[in-house]
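Good morning, and thank you for making time for this item. I shall go through a handful of local features, one after another. Please keep the structure in view as I speak.

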Amino acid sequence: MPATVAHALARVQERIDDTCHAVGRDRATVRLLLATKTRSADVVREALRSAPAGALLIGENRVQELVEKAPALADLQVTAHLIGPLQSNKINHALRALALHGHACVETIDSLELAAKLSARVGAGSPLVPLDVMIQVNVSGEESKAGVAPDRAVDLAHEVADLPGLALQGFMTIASPTLDERVARAEFELLRSVRDRVTGSGAAATALAQELSMGMSRDLEWAVAEGATIVRVGSAVFGARPS
């Protein structure tokens, strides 16, 4: 692995360390997910080798890339997350690839219809039972972004949590592409408030839905300050994506 990638990964870890120290958070409560879109399995494997086993997560945006890379990474102790859209006709492909990792999560549930289809297709005896899932919330209100509206997210979370074969772990969002800290932190705070309403409802199936997957290369400090438990970082580690 090029030294620049190893150094970049260390720098991202330092950014998380520094922010946790500044806001009084336990560093162990924030995990780093490597967003591996367009990155080869060899590059991902080498990046994972630079960290302690199990210390990092990997996230794929595209089911096709997940399918292509999963066999080459299946021997590693790494949890795979799907962090991009999941179409109904690709559910079976995604589940087979995720099962190669043994432990996985689909972060992009934005409708009861999609969740119900996943629930129906998670096979008995699969290492993915129950399959970890998160609700994707569109906190910015941008029409170009996927995710359920914040005012619908609480009800959807309760509906998804009741489905067999699924385990609701928390919530995911993509903030506005802004350099305005106040705007970004308000959006992250909104996701946290959705999470707190769900976990504070008293419904047993939602009690463990503590995860907040939010923050990327440009804004991870603001996300950690607002309670992120997973930050999804790609370009800050691997460099700009190839065109």
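Predicted model: local features only at pLDDT ≥ 70, side-chain atom pairs only at ≥ 80, totals over all residues.

I begin with Leu131 and its surroundings. Setting aside neighbours within four places in sequence, Leu131 is in contact (heavy atoms within 4.5 Å) with Leu95, Ala104, Val106, Leu118, Val122, Gly165, Leu166 and Ala167. Residues are numbered from 1 along each chain as its sequence is written, and side-chain values use heavy atoms, with hydrogens and water left out.

Leu131 belongs to strand E5, residues 131-136; helices (H or I, at least four residues) and strands (E, at least two) are DSSP runs, numbered from the N terminus. Because its relative accessibility is 0%, Leu131 counts as buried, the classes being buried under 20% relative accessible area, exposed over 50% and partly exposed in between, with a 1.4 Å probe and protein chains only. One of its contacts, Gly165, is 34 residues away along the chain, yet the two C-alpha atoms are separated by 6.2 Å.

Next, the backbone. Most residues other than glycine have a negative phi, and most peptide bonds are trans. Which peptide bond is cis here? The bond from Val129 to Pro130 is, with omega near -5°, and Pro130 lies in the loop between helix H5 (112-121) and E5. Thr38, although not a glycine, has a positive phi of about 70°. Thr38 sits in the loop between strand E1 (31-35) and helix H2 (41-49) and, at 32% relative accessibility, counts as partly exposed.

I turn to a helix pair. The axes of H3 (residues 63-73) and H4 (residues 91-101) come within 9 Å and cross at roughly 25°; axes are lines fitted to C-alpha atoms, for helices over the stretch in contact, and angles run from 0 to 180 degrees between N-to-C directions. H3 is therefore roughly parallel to H4, a term for angles under 35 degrees. The contact involves residues of H3, including Leu66 and Val67, and residues of H4, among them Ala94 and Leu98.

Finally, the cysteines. How many disulfides does a search of the whole structure find? It finds zero, a disulfide being a pair of cysteine sulfur atoms within 2.5 Å. Cys20 counts as buried at 2% relative accessibility, and Cys105 counts as buried at 2%.

Conventions. Parallel < 35°, antiparallel > 145°, perpendicular 65-115°, else oblique.
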